[in-house]
Structure formats: C-alpha cells, structure tokens
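Me: I would like to learn how to read helices, cores and ring pairs from a set of coordinates. Could we go through one case together, feature by feature?

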Amino acid sequence: MPTLVYVEDHEGEPVKGSLGVLSKVARLGDDVAAVLCGSGVEALGEQVGKQGAKRVLVADDPALEAPLSQPRVDVLAKLVESEGFDTVVFGASVLTADIAAGLAARLDAGLNWDLVDLVQEGGKLVGKRPVLLDVGWRTEPRLALIRSGTFEPAESGGSAEATKIPVEIEDWSQHAKMLERAHEESEGPSIEDAEVIVAGGRGLGKPENFALVEDLAKALGGAVAATRAVVDAGWYPYASQVGQTGKTVAPKLYIACGISGAIQHKVGMQGSGTIVAINKDPNAPIFEYSDLGVVGDVHEIVPKLTELVKQKRSG
C-alpha cells in the first residue's frame, strides 16, 4: 500500500498534527512517504524523516510560498500519478481540507474526512469516524483527512533523506493571490498543542464568566476550550470547540468546568492524560469518565483553585 502523507508547515516548522498523522500511518505499513510543499521547506526534511517515513519528498519553490491550495493540488496530483501512491493522508486544517477536496476532484478519487483512526482490517484500509462509524473506499487512490489533534508525533528512531521533486504549476492555479495574512492574537498555546486545557460549558451561566476559565488557564500556562453548546450560543469562538463537531485534543491535564459531559464532548477529549471535572450536579455524565471529580459550584471553586495555583507558582 504505497502511501503518501502530506506534512503541512507553518512559520518554518512542520505542523504537529501532520507529524502525528505521519507517525500513525508509518506504523501501518513500510511503504510510506511524506511530502512537504512550500518555499524554504527543504530544511525541514530531516525533522520529518524521523517520524517513520521511508522517503521525504520536497516540493520547494517560491510559487508555493503562499498557503494556497490549488498550486499544491497540482504538485500532489502529478506526484500521485507518477509514483503510483494508492493512498494519500492529511492532518485536517483549513488549508489541507481545501487541498484534499481539490485533489479528490482532480483525481476522481474518494475522500473520507473527520477520521479519528486508520486501521488495516482483512487486508483493507478502514477509516474510523467518531461514535463507532467505519468507512472505506471503493476505488484508488484513497484520500483521508484525519481530525486535528488525533495523533501525537512519535519519532521512530530512523531517518529518511529528503529528495527534491519538480514543481509544475498550471496557469489557472496562479490566478489567486494572497493579499494579506491575518494572525490570531493569542497569549497561550492552541488547544491542539496545549499540555493543559481548561474548558468551560453552559454551567458557567453566562459568557462573562468565561473569565474564570481564562484566569485558571493562564495560571496553569494552558489553553481555553469550550463545548458546542457554548459556541452555538455565541459565548466563545468556534476555534476553541472540543467535541465531535469540534476539535480532538489530548492534553496531559483537562479541567472541565460546568460541563455535563455528553458523548459528543467526550469524543473530543477522552484521550487526555488526566481529566478533572467540576460540576454542581453529582449525576453529571462527565464524572463517569473523569479521573477526579469535584461536586460544587464552579463560580466558587475555580477562583479558589486559580489562587492556589498562583500561590504555588509564586512560592
């Protein structure tokens, strides 16, 4: 099963989610290659090669400097056809979702998205979606988009040399130009990369009370997350949503404040190392899969916990 894994880069570094996908795919078979597409990305080849790929293919060209999808579709389409890859796997992001869709259309290929696992069953590749749904492919090449934050990078102990590949961009793919690139202002890590996450739910009562969650996250050096109900109500941005229709996270510590713990939320955070739940309802479902449960009012407990953390760190 010759497999190609697209490794996205951002600000001079491989994206963590892409490296996690590469590590996972490399454990499924021996014939796995990684591809980098960008400008000045050749230097990243050695780092990518440590994640288990047998080959690292580098499309390094000024035409790929802007994070636009269509030029990358051109590169990948030619690469898949010339090298005979029967599977192409992406870690999900705004850019890769666009690339995967464009590549599927170009190659007339099947694309399965929102996957949380890939396994071999009976000699066939099977994709796993949340809530116990298996999906497959009828034809090749197979395209797969893995949910953000699903897999952690794991160096294999091996290495792979980087090989530059030709870059040929179609005329129509150069019509779009990037005029400006906005960067989200954030004091802490993203929820995908954070080792500590403090999440808030409807139990906080009103959007202003998210300040309690933000203060605790800041004291712990972590990130703030939210449930779908909170996001749908307009209390917090969608980028922070954890759950079946949000992001999958796996921090070392996950503190759930005022979250009931519906199955849709559990899907997105059950891979956390230690789960702490604070909820005034002793029968809240989240206590069933928490490592530590605190029954009480989040408006009283969270500020006290924040103060204790600050005292501990200052002392």
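Predicted model: local features only at pLDDT ≥ 70, side-chain atom pairs only at ≥ 80, totals over all residues.

Me: How should I read the pattern of buried residues along a helix, and which residues of H4 are buried?

Reply: The general idea is that an α-helix has 3.6 residues a turn, so residues three or four places apart point the same way. In H4 the buried residues are Leu95, Thr96, Ile99, Ala100, Leu103, Ala104 and Leu107. Viewed down the axis of H4, these buried residues fall within an arc of 160 degrees, and therefore they line one face of the helix. The face turned away from the buried side of H4 carries the exposed residues Val94 and Ala105.

Me: Against which elements do the buried residues of H4 pack?

Reply: They pack against helix H3 (69-83) and against the strands E1 (3-7), E6 (87-91), E7 (110-115) and E11 (142-146). As for the geometry of H4 (residues 94-107), its 14 residues at 1.5 Å a residue should span 20 Å, and its end C-alpha atoms are 20 Å apart, which agrees.

Me: Which residues touch the most other members of the largest nonpolar core?

Reply: That core has 28 residues, and Leu4, Val35, Leu76 and Phe90 touch the most other members. At least two residues of this core come from each of E1, strand E4 (32-38), strand E5 (55-60), H3, E6, H4 and E11. Apart from it lies another core, of 25 residues, including Val5, Leu118, Leu125 and Ala144.

Me: What does leucine 76 touch, once residues up to four places away in sequence are left out?

Reply: Leucine 76 then touches Leu4, Tyr6, Val35, Cys37, Phe90, Ile99 and Leu103.

Me: How do I describe a pair of aromatic rings, and how many such pairs does a search of the whole structure find?

Reply: In general, a pair of aromatic rings is described by the distance of the centres and the angle of the planes. Here the search finds two aromatic pairs. The rings of tyrosine 6 and phenylalanine 90 have centres 5.7 Å apart and planes at 35 degrees, so this pair is tilted. The pair links distant parts of the chain, with tyrosine 6 in strand E1 and phenylalanine 90 in strand E6, 84 residues apart. Tyrosine 6 counts as buried because its relative accessibility is 1%, and phenylalanine 90 counts as buried at 0%.

Me: What of phenylalanine 210 and tyrosine 236, and are they buried or exposed?

Reply: Phenylalanine 210 and tyrosine 236 form a stacked pair, 4.4 Å centre to centre with 20 degrees between the planes. Phenylalanine 210 belongs to helix H5, whereas tyrosine 236 lies in the loop between H6 and E15, 26 residues apart. Both phenylalanine 210 and tyrosine 236 are buried.

Me: Finally, how many disulfides are there?

Reply: A disulfide is a covalent bond between the sulfur atoms of two cysteines. With a cut-off of 2.5 Å between cysteine sulfur atoms, the count comes to zero disulfides. Cysteine 37 counts as buried at 0% relative accessibility, and cysteine 257 counts as buried at 0% relative accessibility.

Conventions
Residues numbered from 1 in each chain as written. Heavy atoms only, no water. Buried < 20%, exposed > 50% of the residue type's maximum accessible area, 1.4 Å probe, protein only. Helix = DSSP H or I, 4+ residues; strand = E, 2+ residues; numbered from the N terminus. Expected span 1.5 Å × (residues − 1). Arc of directions from axis to C-beta. Contact = heavy atoms within 4.5 Å. Core = buried A, V, L, I, M, F, W, Y, C linked by side-chain atoms within 4.5 Å. Phe/Tyr/Trp six-rings, centres within 6.5 Å; stacked < 30°, edge-to-face > 60°.
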